[in-house]
Amino acid sequence: MSAEGVAERLPRLLTLVPWLLARPGVPVAEAAAEFGISESQLRRDLELLWMCGLPGYGPGDLVDLSFEGDTVTVVYDAGLSRPLRLSGPEAATLAVALRALADAPGVVDTDAVQRALAKIEQASGRTDDPLSACSDGLSGTVAVGMGRTPGNARAEATVRDAVARHRALRLTYYSASRDAVGRRDVDPMRLMMVDGSTYLEAWCRRAEGVRMFRLDRVDDAETLDEPARPPADAELREVPADATGLLAPDEGRPLAALRLAPEARWVAEYYPMEDVVADDDGSARVRMRYDDRAWMVRLLLGLGDTVEVLWPPELAADRAARAREALAAYGVG
Amino acid sequence: MSNTRSSGARTLWGVPAAPTARAERLVNLVLALLSTRQFLTAERIRTTVAGYEEAATDDAFYRMLERDKAELRELGVPLETGKQSIFDTVDGYRIARGDYELAPIDLAPDEATAVALAARLWDSPQLAGAARTAVTKLRAAGVEVDPTAASEVQPRVRTTEPAFAPLLAAARAGRAVRFAHRGHPAAPARERTVEPWGVVSYRGRWYLVGHDRDRDDVRCFRISRIEGEVATVGPRGAVTRPDGVDLVDLVARSAGPPPPSGTARVRLVPGRAAGLRRAGRPDPQGDPDVVELDLARLESLARWIAGHGPDAVVLEPPELRDAVIAALRASADAPATLSEAHR
């Protein structure tokens, strides 16, 4: 028996009656799934409700339920025909999440989000400022600001539409790892919003693999006149815990060992690391994998004197050679 | 009073009921107070609402009722207190149905999809739980929000930092907090005492915003740089957020890029440095291989340009050009510290 507190159970009991009332003959298992509890817990809840009612507690005063097979129907609700209004935290988590969706590039139609937000705020409140009227608002204590440069709105809308309608797409896409813009035909699978950026997960026909495309790097998108047909064995990724997880190069990619000066320690927070050893002087020795040598060289050149290459030798040599070429271009070589 | 069911005479599945006395009593209290337009006095509740007869003494009964009232208020049940007439000497209680019930709400299909997505946004158990019970309430009110709607979209706001939950709880309770925080990944952790105003997700990272008591100023703290336990300091309700504070704006100003202070001109090798080309504006003088870029933070723009080596050459301003050349010299002259040990 779970040691569940009344603070979790009472709101569930009060919601359960109107929820069942709106679904006569609903399977007990479906109700249990809706409320995120086991069937036996749901049966205990029904048993409790069945003993409750209005003062007098005569046959016509008690909550009445009927059971048929594995289904349940509310026969008499004793006055609980509507759910309790949203609590402060409930209204605020929905409102904050809706605002975050409205801010996130390309995830959903912003207009629909704004309309939903207005209706939720109106229905949950009792005054002009519904969220602050709630006794214990999350309101104001949680906020989400995406802070991203907006991408190309028209391309985003085209991508969103293609995902919803399962159409293939031709993308003009900026690849940050190759620092180049290219065309690719893809079979969209899913949109994913991670850490404030939106990604299209799609089968890339050229790479013959599932790839992630960050929406603000889609410069143009054109819906192709054919359905999206990712191969049957194309697998969606686990939704990663954070964007770092999306960027992580595969096992088996080359490893670089670096020493990061204190000013360059952000690199270890920004990119996925194999391991990080902090030293007493504030620097850190790290090992990180990289997909593309040219990308790694760009990172090193940018870091200048705040990074040392510890391994491999060819990376150090490439870096120095590129730097000398660049100095020559400035006429100071 | 006869309560044949709770007397144990019947059970639905022949299994003994769980120890549910308090939950059962509270449901009965809600039903009784919802069904009355008159204020019910404590005495009347005691004699008519099932469950309260179990209180052996007056003291026990009043304690029980006080706890129950507090519980209902905590859950957001709008409990009204008042007297029936001016001749009454004691307060009674009732629940106004209009305040209790979720107001009618009618969501269009695309709005319902937005709500379903919003409810899936949170990965913190606390926030996800509140969002889920909100959706269940909407569904109980007959609003068809399909929790699996738009399954081709996976929204997520990550809240995995261990300090997140205690900071959120403290901000909601209006309670000051004390914790160790690194201003920079290489900086030593320092103890801070902060009056928390709220937590903000900005560019995928969580920040605590509040009044730093030691520095007597508004500060934003990146939550992932908080180490160890978050301790609460002082009583609940001691922290009040000044009116008109915009938390996201405070974080954006502290953690986001500053407004541009100038313009840089950079020459790009044709077909190379696509990222700089995308971020830049075409050259007003019409040179197809020159772009103009906003100059906000000199060091970060210098880093970005230096990364491109000979493919991107700064034309102006001179201080940016010097910063890039300095970075390139460091790379060209980097000491050979290679060692097999790091393989």
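Two strands pair if DSSP finds at least two bridges between them. With that in hand, here are some close-ups of this predicted model.

**View 1. The hairpin of β5(A) and β6(A) in chain A.** Strand β5 (residues 167–175) of chain A and strand β6 (residues 180–194) of chain A run antiparallel, joined by seven bridges. Look for L169(A), which stands opposite V186(A) in β6(A). Four residues lie between the strands of this hairpin, and D179(A) there takes a positive phi near 50°.

**View 2. From β6(A) on to β7(A).** Now follow β6(A) to its other partner here, strand β7 (residues 197–204) of chain A: eight bridges join the two, which again run antiparallel. One pair to find is V194(A) and its bridge partner in β7(A), S197(A).

**View 3. Where chain A meets chain B.** The contact draws on 123 residues of chain A and 112 residues of chain B. On the side of chain A that touches chain B, helix α11 (residues 313–329) of chain A gives the largest share, 11 residues. Sorted by class, that side of chain A holds 78 nonpolar, 18 polar and 27 charged residues.

**View 4. The domains of chain B.** Chain B is divided into four parts to pick out: domain 1 (5–9 + 18–100), domain 2 (102–157), domain 3 (164–255) and domain 4 (262–332).

Definitions and conventions
Residues are numbered from 1 along each chain as its sequence is written. Chains are lettered from A and ligands numbered from 1 in the order in which they are written. This is a predicted model: local features need pLDDT of at least 70, side-chain atom pairs count only at pLDDT 80 or more; totals for chains, interfaces and linings use all residues. Two residues are in contact if their C-beta atoms, placed from the backbone, lie within 7 Å. Ala, Val, Leu, Ile, Met, Phe, Trp, Tyr, Cys and Pro count as nonpolar, Asp, Glu, Lys and Arg as charged, and the others, Gly among them, as polar. Domain bounds come from an automatic or database domain assignment.
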